[in-house]
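Good morning, and thank you for joining this group meeting. Please keep the sequence and the structure in view while I speak.

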Amino acid sequence: MSDETGQAGGDAAAAGAAAQNQQAAPSMRIVAHFVRDLSFENVAATTGGTLAGRPEINVSVNLDAAPTGENRYTVGMKVNAKAEVEGNTRFIVELDYVGVFEIMNVPEEHVHPFLFIECPRQILPFARRVVADVTRDGGYPPLMLDNVDFASLYRQKLTEFQAQQAAGGNGQSADA
């Protein structure tokens, strides 16, 4: 009987340790996500332009993030897309899509990359759907955004920022 009690106590201790490890694991929860701003300009329809020809579509994605409370952050994704045929604009889409995230148990030094890599990954499918729907509703084939490598984008922006800091630091020391 003491073996059973010892075993049960051991199982309870293991379960408690597993629960403690689970609580300490980094976690993210999407509290809300929404369209903050959306603009669709159907230039070809308003100017009587022709729809013939395959358009060249340029898409850019920009991110911003800000704390909104304890463990809560707002991450904004701005998507701009412009379709042109032979220099004539067919349509312009500007979308500002926002996610509100609760981030727990992430070390402070990892919060910034988490906000600019993992959070945008979570809201990209929703932004993609909005862009596809608005272009389709505007009379065009749906514009399906490609996947974005947010990790690569983050590294690129970080390298640019560090280069600017180095250039700014050298310029300041030269002036002083």
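Asp 64 has Gly 76 as its bridge partner in strand S3. Gly 76 also stands opposite Val 98 in S4. Residues are numbered from 1 along each chain as its sequence is written, and side-chain values use heavy atoms, with hydrogens and water left out.

Let me continue with the strands. S2 and S3 run antiparallel and are joined by 13 bridges. S3 and S4, likewise antiparallel, are joined by 14 bridges. A further opposite pair is Asn 80 with Glu 94 in S4. Two strands are said to pair if DSSP finds at least two bridges between them. In general, strands of a sheet pair through backbone hydrogen bonds, either parallel or antiparallel.

What is the order of the strands in the sheet? The sheet is open, with four strands in the order S1-S4-S3-S2 and antiparallel pairing. Strand S1 (27-41) and S2 stand at the edges with a single partner strand each, so one side of each has no neighbour in the sheet. On average, neighbouring strands of this sheet are turned by 15 degrees against each other, direction ignored. For such angles, axes are lines fitted to C-alpha atoms, for helices over the stretch in contact, and the angles run from 0 to 180 degrees between N-to-C directions.

I turn to the protein as a whole. There are four helices and four strands, and from the N terminus on the elements run α-β-α-β-β-β-α-α. Helices (H or I, at least four residues) and strands (E, at least two) are DSSP runs, numbered from the N terminus. Of the 176 residues, 27% count as buried; buried means under 20% relative accessible area, exposed over 50%, and partly exposed in between, with a 1.4 Å probe and protein chains only. Among contacts between residues at least 6 apart in sequence, 69% join residues at least 24 apart, where contact means heavy atoms within 4.5 Å.

Next, the two hairpins. S2 and S3 form a hairpin with two residues between them. Asn 71, found in the loop between strand S2 (56-69) and S3, has a positive phi of about 65 degrees although it is not a glycine. Asn 71 counts as partly exposed, because its relative accessibility is 29%. The hairpin of S3 and S4 also has two residues between the strands, and there Glu 86 takes a positive phi near 50 degrees. Is Glu 86 buried or exposed? Glu 86 is exposed, with a relative accessible area of 79%.

Arg 72 is partly exposed, at 30% relative accessible area. Leaving aside neighbours within four places in sequence, Arg 72 is in contact with Arg 29, Val 31, Pro 67, Phe 101 and Glu 102. Its C-alpha atom and that of Met 28, 44 residues apart along the chain, are separated by 9.7 Å.

I come now to the core. A nonpolar core is a set of buried Ala, Val, Leu, Ile, Met, Phe, Trp, Tyr and Cys residues joined through side-chain atoms within 4.5 Å. The largest such core has 32 residues, of which Met 77, Val 79, Leu 95, Ile 103, Leu 115 and Val 131 touch the most other members. Strand S3 (72-85), strand S4 (88-104), helix H3 (108-137) and helix H4 (150-175) each supply at least two residues of this core. Which element gives the largest share? That element is H3, with 11 residues. H3 lies across S1, S2, S3 and S4, running at about 140 degrees to S4. Val 79, not counting residues up to four places away in sequence, touches several residues, including Val 59, Val 61, Leu 95, Val 131 and Leu 145.

Finally, a word on confidence. The predictor's confidence in each residue is pLDDT, from 0 to 100. Its mean for the protein is 85, and 80% of the residues reach 70 or more. Where pLDDT is low, the predicted coordinates should not be read in detail.
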